[in-house]
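Work through the following exercises with the model open beside you, and try each task before you read its solution.

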Amino acid sequence: MQESKYNPGRIEQKWQKKWEEQQAFYASHEEVSRPKYYVLEMFPYPSGRIHMGHVRNYSIGDVVARMKRMQGFNVLHPMGWDAFGLPAENAAIKNNTHPAHWTYQNISYMREELKRLGYSYDWSKELATCHPGYYKWEQLFFIELYEKGLVYRKKAPVNWCPTCLTVLANEQVEAGLCWRCDSMVENRELSQWFLRISDYAEELLADLDKLSTGWPERVISMQKNWIGRSRGMEIDFAVQGLDRKITVFTTRHDTLFGATFMSLAPEHELVSELIRENPDKDFILDFIKRVSAQDQEERVAEGAEKEGVFTGRYCINPVTGEQMPVYLANFVLLGYGTGAVMAVPAHDQRDLEFAGKYGLPVRVVVQPEESVPDPEAMTHAFTEPGFAVNSGQFNSKPTSRVQEEIADYLESLGIGRRKTNYRLRDWNISRQRFWGAPIPMIYCPQCGIVPTPREELPVLLPEDTEMPPDGRSPLPELDSFVQTVCPRCAAPARRETDTMDTFVESSWYFARFTSPRREDAPFDAGAVKHWLPVDQYIGGIEHAILHLLYARFFVKALRDLGYWDLKEPFANLLTQGMVLKDGAKMSKSKGNVVDPDEMISRFGADTVRLYCLFASPPEKDLEWSDQAIEGSYRFLNRLWRLIHDLPPVLSPVGPCLKVNPDELGFEEKELRAVEHDVMRRATRDMLERFQFNTAIAAAMELLNAVNQHKEALKSNKSGQQILSSALSTVLTVLAPIVPHICEELWSFMGYKTPLAAAKWPAYDSQAIEKEKITVVIQVNGKLRSSLNVPADINEEEFKRLALADSKARKHIQGRTVIKLIVIPKKLVNIVVR
């Protein structure tokens, strides 16, 4: 017997226990009688507690998973933990414990938090990326990619975080700051491991077009900009007095005749040779040190001061034969193009400002149709297309033609070549921290770099080490880890002590979810073929570049290793907005954090879920409101009371009951029309648009309609069936959103099969068509037309239709309407003069 008062805590525990006992959400790739659907939310870092951003993300995913099950799909909906990373290491140092202990403790706590929310996860698929059974396969991928030439080690300038004591990938530096701790990033030179993601730049770019129907346009645009394809030329400039050349990449080779000086990145590899004999070498080195320490985004920012220093050397313009002074310039970056820029001040604003500051020549080589700009008076570079001038045999030709002809000319001389360049740089995955997957490479004095034998994988992180209090990784000083023997010659050797960037783990976890208990392979081939790609992926827009780009690369790289034929990991992507409070993102420092556990204890998980899904469309930010969540709680209480007030009346007839409309009375038809219209809108908004807020609003409308008609309908059998059907539809629509209360009320209505196993009903479009009546239109008392209108048409709509009627308009054209006299459900008389 149910209690009459809504008690969310008791109800939610009851149904969570039932779902677990019944393995209600278990998914198998061997179940082929139903079509598959793989829904996945970006898995969390086990920080210790979930936050409202998690709740919103996972609630959206759970609604999708539950809806798809009701549609008849075999749904895979897993959960796991992105468990490696710096916060665990720092917390371990602070609490004098091992990162593994801290991490697994947090996982246990957060798992229970997620279970309290009633998410329909298949917990048998749970994984943690810090488990050796997971990162063993990651180490295998590393070795196979190394053997295929897609992994390499080199000494390179890197982004160094002095607080985290580790290297950051370019994508992890935001406005010159570490993406994790906001410390100012420094530039250092270290030997690092890289993945050749640049080898896949063109494919990564081209395949974005295949995602255009399922991914947000904003994310596709962000990835295109990050990959940054440019088509142009590489051109060689010989250095005077040295047997060396400076190679530039330019998209404006039509302006080559206007190049009057060369700008190099201060970090360019030729700089040491260029300045070796310069008496001002120390001054130049100080300039290099100062500029290299600056934030790269600030160096290239619009309006930033242009600074440079002359190296004392010249290069030769290959088409004019003129000497061009070689400068180091703060706005030229080593990480884009070749780190060298042919400076054409008449046609590039930065070059023009630099030339003006240092007294360098300006030569116009492209002119508009009307006149040639005066180089002495130029304050703004002319950057538009035009016609070539001061360009030898190319004069008077349009720049589009000059581009092609100069390209042919330079290629014929062997000093230039057409080139497609990309902004995307290879992925630096080396991290000088402990809590990450060890890089499985060995350094032998005789054999060089040697992969760890496959049979010795995984290379395990030590579980008994103490963490240095200054944040350094203990691995380099741990002989039991470092000391080993060469697999080839058996000589004493040492292990690599860097660990992998944690984005490596999240680049393939979606595949491991398909068969996480597989011990002899990274995943089951049949399971991967069945489940992938992920049908619906859900996460924050902040991962548009980092995680999503890396995951796309990994899919293509593993394809080339022979693991699958998959081309893309995620068919559809939903990027949900943030949860804000007082207009700002929730954070402890701002004191505006809302604790999900507290909200669940006060209102229940269903209320928290309902609020997160009703307050805003998924893709928009959600502004937290204490009053609004109380409103969600009141709505669920109203739903509870209404169904409990009608126990003798209600029966398990099913949602959207099929009936003979000719046997229904007016009010029965009215309620049935609302019911089927709500199901139509809910089907459209929930299954096609993911606009859960409007579907919830529709369910509320139906509940109001039940309230409106219940007294008239509850006294006869036909009316009772229509009431029962309408309330069954309310519960069906809300079941993916607030599953616990809906299951309880569904059971209370007499249903024996759980709502989680019910099918999504079809609406009857004919039921939505309301009863029509014929009304007449008079003009000055004379019959002029008639209309078929809904029986419940209101007066204002009746007037609007009468004035718009084509027959009536013939008799009022050119005359003034004085008034309209309406007799409801019969006529409207238009009085004119």
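A residue is called buried when its relative accessible area is under 20%, exposed when it is over 50%, and partly exposed in between, with a 1.4 Å probe and protein chains only. This is a predicted model, in which local features need pLDDT of at least 70, side-chain atom pairs count only at pLDDT 80 or more, and totals for chains, interfaces and linings use all residues. Residues are numbered from 1 along each chain as its sequence is written, and side-chain values use heavy atoms, with hydrogens and water left out.

**Exercise 1. Decide whether F570 and Y537 are buried or exposed, and classify the pair that their rings form.**

Step 1. F570 has a relative accessibility of 0%, and therefore counts as buried. Y537 also counts as buried, because its relative accessibility is 0%.

Step 2. A pair of aromatic rings is described by the distance of the centres and the angle of the planes. Rings of Phe, Tyr and Trp (its six-membered ring) pair if their centres lie within 6.5 Å; planes under 30 degrees apart count as stacked, over 60 as edge-to-face and the rest as tilted.

Step 3. The ring centres of Y537 and F570 are 3.8 Å apart and the planes lie at 10°, so the pair is stacked. This pair links distant parts of the chain, with Y537 in strand β24 (residues 536-540) and F570 in the loop between α16 (546-560) and β25 (573-576), 33 residues apart. Helices (H or I, at least four residues) and strands (E, at least two) are DSSP runs, numbered from the N terminus.

**Exercise 2. Describe the pair of F142 and W193 in the same terms.**

Step 1. The structure holds 46 aromatic pairs. In the one formed by F142 and W193, the centres are 5.5 Å apart and the planes make an angle of 75°, an edge-to-face arrangement.

Step 2. F142 belongs to helix α5 (residues 132-147) and W193 to strand β7 (residues 186-195), so that the pair links distant parts of the chain, 51 residues apart. Both F142 and W193 are buried.

**Exercise 3. Locate D82 and list what it is in contact with.**

Step 1. D82 lies in the loop between β2 (74-76) and α3 (86-95). Its relative accessibility is 16%, and therefore D82 counts as buried.

Step 2. Contact means heavy atoms within 4.5 Å. Neighbours within four places in sequence set aside, the contacts of D82 include F43, P44, Y45, T129 and E505.

**Exercise 4. Characterise the largest cavity by its volume and its lining.**

Step 1. On a 1 Å grid over the protein atoms alone, a cavity is a set of points where a 1.4 Å probe fits but cannot get out, and lining residues have an atom within 4 Å of a point. Grid points are joined across faces, edges and corners, and a volume is the space filled by probe spheres set on the points.

Step 2. The whole structure has three cavities of 30 Å³ or more, and the largest cavity holds about 190 Å³ of space.

Step 3. Of the 20 residues lining the largest cavity, L86, T166, R180, R431 and T502 lie nearest its centre. The elements that give two or more residues to this lining are α3, β4 (166-168) and β23 (499-500), and β4 gives the most, with three residues.

Step 4. Ala, Val, Leu, Ile, Met, Phe, Trp, Tyr, Cys and Pro count as nonpolar, Asp, Glu, Lys and Arg as charged, and the others, Gly among them, as polar. By these classes the lining of the largest cavity has nine nonpolar, six polar and five charged residues.

Terms used
1 Å grid on protein atoms, 1.4 Å probe; cavity = no way out; pocket = protein on both sides within 12 Å on 5 of 7 lines; lining within 4 Å.
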